[in-house]
Amino acid sequence: MLGQIDTFWLPKAGLTDAEYEDAAANSVSDELTVELSPEIDDVKVTVADGATESLLSGSWAKALSHSVATEQLRHRHWPDAIKSAIQDWPAYLNSYREDRILRNKPVAWYEEPGLERGAEATLAALRLRNPRSGRPGCWWSMAVGDATLFQIRGETCNRAFPMRRSCDFNTAPDLIRSLDHESSFKKRLKKTKGDWQPDDLFFLCTDALAAWFLERLEDEDQPWSIWRDFGSSDCQTFPSWVDNERACGRLKNDDVTLVRVHCF
């Protein structure tokens, strides 16, 4: 599959990179820019947004996005990658506790309730396969919460999933809990699929960016015309654009993560 994956992210204004609680991953490389070669057929891309109210939410978002991007599963069983992340979480907690002891900062009594409740995060994931027998390439997506996928073809937004209207965002999105051993996340899991053509663009993003995009779309703008140029030498940088949009009140001050997939 010829193409390129580019990842852009920033923490909330005033916070450090270490306080960033979103995450992104793909099945090819940990680099922020990834070139896709023709022999690659199955590409998975994820974004996750850790819920600030839960303890270790950033770590959970990272573990969740990595599991969904790297687990080797047929697309029909892809949601089982979420279950794998949940099953692996107790081992992460044990390592976290041991590390705190080694640093002479053992987990305090008031932190225990948060660890016992588990961490929470939203998720949006995209999976692409190459064209076959004259048919176009296929893609699948799954999501829990308000992290969102956009598919752009030419100068049209072909698909917005799962969020479709800016007014639908709120402060209580559906979440995947790290200690959900009953797999109740499946009741909140949404799925969709489609086809892709050369030059299609996909954007996966966390909620603040998704709400911004849909607001611009509802105003009959073409917000993808800004996002598709990030990383070019003659265009505004992602951090500069985020700072400007936050300053004028169009973009919520939240962790922001954007993954752009360009199919050639």
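S54 has its place in the loop between strand 4 and helix 1, in a model that is predicted.

**S54 and its surroundings**

- S54 has a relative accessibility of 9%, and it counts as buried because the cut-off for that word is under 20%.
- Leaving aside residues up to four places away in sequence, S54 touches G118, A119 and E120.
- With E120 there is also a polar contact, in which the side chain of S54 reaches the backbone nitrogen of E120 at 3.1 Å.

**The largest pocket**

- Rolling a probe the size of a water molecule over the atoms shows where empty space is left.
- The volume of the largest pocket is about 610 Å³, and its lining is made up of 25 residues, of which Y20, D22, A23, A24 and K62 lie nearest the centre.
- Two or more residues of this lining are given by each of strand 1 (3–10), strand 2 (22–26), strand 4 (42–50) and helix 1 (57–70), and the largest share, 6 residues, comes from helix 1.
- Sorted by class, the lining of the largest pocket holds 10 nonpolar, 9 polar and 6 charged residues.

**Helix 6**

- In helix 6, which spans residues 238–247, the buried residues are F238, W241, V242, E245 and R246.
- These residues lie on the same side of helix 6, because they cover an arc of only 130° around the axis.
- An α-helix has 3.6 residues a turn, so residues three or four places apart point the same way.
- The elements against which the buried residues of helix 6 pack are strand 1, helix 4 (207–218), helix 5 (224–227) and strand 12 (256–263).
- At the start of helix 6, a side-chain oxygen of T237 comes to within 3.2 Å of the backbone nitrogen of S240, while just after the helix G249 takes a positive phi of about 85°.

How values were computed. Residues numbered from 1 in each chain as written. Predicted model: local features only at pLDDT ≥ 70, side-chain atom pairs only at ≥ 80, totals over all residues. Heavy atoms only, no water. 1 Å grid on protein atoms, 1.4 Å probe; cavity = no way out; pocket = protein on both sides within 12 Å on 5 of 7 lines; lining within 4 Å. Points joined across faces, edges and corners; volume = space filled by probe spheres on them. Helix = DSSP H or I, 4+ residues; strand = E, 2+ residues; numbered from the N terminus. Nonpolar A, V, L, I, M, F, W, Y, C, P; charged D, E, K, R; others polar. Buried < 20%, exposed > 50% of the residue type's maximum accessible area, 1.4 Å probe, protein only. Arc of directions from axis to C-beta. Contact = heavy atoms within 4.5 Å. Polar contact = N/O pair within 3.5 Å; in protein donor to acceptor, adjacent residues only side chain to side chain.
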